[in-house]
Amino acid sequence: MLKLTCEPITLDLRTTFRIAHGASDQRHNVIAHIGEGLGEAAAVAYYGETQSGIMQYLSSLAEQTWDPFQLEDIINSLPPGSKAARAAVDIALHDSWGKALGQPLYRLFGLNPGKIPQTSFTIAMDEPEIMAERARQSGLPIIKIKLGSPDDEAIVRAVRSATSAKLRVDANAGWTRAQAARLIPRLAQYDLEFVEQPLPAEDIEGLRWLRSQKLGAPIFADESAKNAREVAALAGAVDGIVVKLMKSGGIREAMRTIHTARALDMQIMLGCMVETSVGVTAAAHLGPLCDYVDLDGPLLIRNDPYQGVVYQGATMILPNGPGLGVVKKAA
Ligand code: MG
């Protein structure tokens with residue numbers, strides 16, 4: 001009989017991670033174990049998550065026994081509460097499932113691991129010249145720029161002059177409708193793939209209005225699009241959505257969210273929070289279903305205890321081991 005245990009984990013960021021929601025040098029996540037299966041919960045303050053809240057949620061499940069072949073019923077009957085904790089349970093169960101069958105998840109899903117789009121590399125908010133230098137030093141072909149500061153236009157101009165990489169920007173809900181309508185056409189001059197979450201998460205009508213203005217860059221929803229139900233509510237309001245396991249509550253709901261977006265002719269980017277190779281490799285197994293990928297979590301931290309997906313520049317290579325294929329690094 002499989003049991004669930006959990007442990008707190010502190011991640012040291014390579015550079016201060018400043019976005020429109022706040023700044024941090026460390027993140028406090030939780031690793032879950034169900035039998036041999038590994039899962040991860042990222043404690044993102046913006047979504048009301050804390051490491052202690054996640055630990056509490058998972059500890060409340062300690063007496064339960066788990067059967068990875070009953071994923072659907074288990075996920076649907078989890079108590080309400082921390083989405084990140086539920087994601088950790090879902091990921092650990094998927095890992096156990098793959099291990100029990102001796103196959104990597106992407107094979108069980110029938111997906112071609114060679115079809116994962118290249119990942120972007122995220123540049124957190126800082127002085128425009130510093131952000132430009134980070135983009136240049138990365139040498140990577142797709143850069144995601146965090147915006148939502150008074151310098152947004154100067155930042156995009158500086159990064160564009162430093163690199164010929166594809167650029168996508170993320171305002172993390174940091175603009176008003178008026179700011180977004182003024183800024184997006186100016187930023188679009190620098191050749192953007194899309195603009196992520198320009199408006200507050202609840203302003204769906206604002207997103208719809210902004211998109212109708214045809215400002216020169218596609219509009220993607222992230223904070224407004226946590227699960228399949230929210231994506232359905234965004235029909236016609238955005239060009240694309242960002243799927244993350246920590247918002248959806250795991251792989252299973254992320255898949256439903258992807259299929260819902262497809263049915264509504266939306267494009268899909270697969271993203272992550274600041275996570276170790278456990279959470280990010282879990283997401284990467286869904287990469288072949290998506291149009292864009294922003295899975296740079298392990299590249300942002302210094303002390304990832306796990307080895308999973310391998311980065312060759314911006315190309316992600318999935319491990320071939322069963323389940324997630326993630327292993328603990330040798331100490
Ligand atoms: Mg985002």
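A: Domain 1 and domain 2 bury about 3,600 Å² between them, and 64% of that area is on carbon and sulfur atoms. In this predicted model, domain 1 covers residues 4-102 and domain 2 covers residues 108-328. Domain 1 gives 43 residues to the contact, and domain 2 gives 45. The C-alpha centres of the two domains are 21 Å apart.

Polar groups also take part. Across the interface there are 17 residue pairs in polar contact, both residues at pLDDT 80 or more, and 2 salt bridges. A salt bridge links the side chains of Arg-252 and Glu-72, with N to O at 2.6 Å.

On the side of domain 1 that touches domain 2, at least two residues each come from strand 1 (4-19), strand 2 (22-34), strand 3 (37-41), helix 2 (71-76) and helix 3 (83-101). By class, this side of domain 1 has 20 nonpolar, 12 charged and 11 polar residues.

Strand 1 and strand 2 run antiparallel and are joined by 12 bridges; they form a hairpin with 2 residues between them. In this pairing, Phe-17 stands opposite Ser-24 of strand 2. Strand 2 also pairs with strand 3, again in the antiparallel sense, over 5 bridges. Here Ala-32 has Gly-39 in strand 3 as its bridge partner. Strand 2 and strand 3 likewise form a hairpin with 2 residues between them, and Gly-35 in that turn has a positive phi of about 55°.

Note on methods. Residues numbered from 1 in each chain as written. Predicted model: local features only at pLDDT ≥ 70, side-chain atom pairs only at ≥ 80, totals over all residues. Heavy atoms only, no water. Domains from an automatic or database assignment. Contact = heavy atoms within 4.5 Å. Buried area = accessible area lost by both parts, 1.4 Å probe. Salt bridge = Lys/Arg side-chain N within 4 Å of Asp/Glu carboxyl O. Polar contact = N/O pair within 3.5 Å; in protein donor to acceptor, adjacent residues only side chain to side chain. Helix = DSSP H or I, 4+ residues; strand = E, 2+ residues; numbered from the N terminus. Nonpolar A, V, L, I, M, F, W, Y, C, P; charged D, E, K, R; others polar. Pairing = 2+ DSSP bridges.
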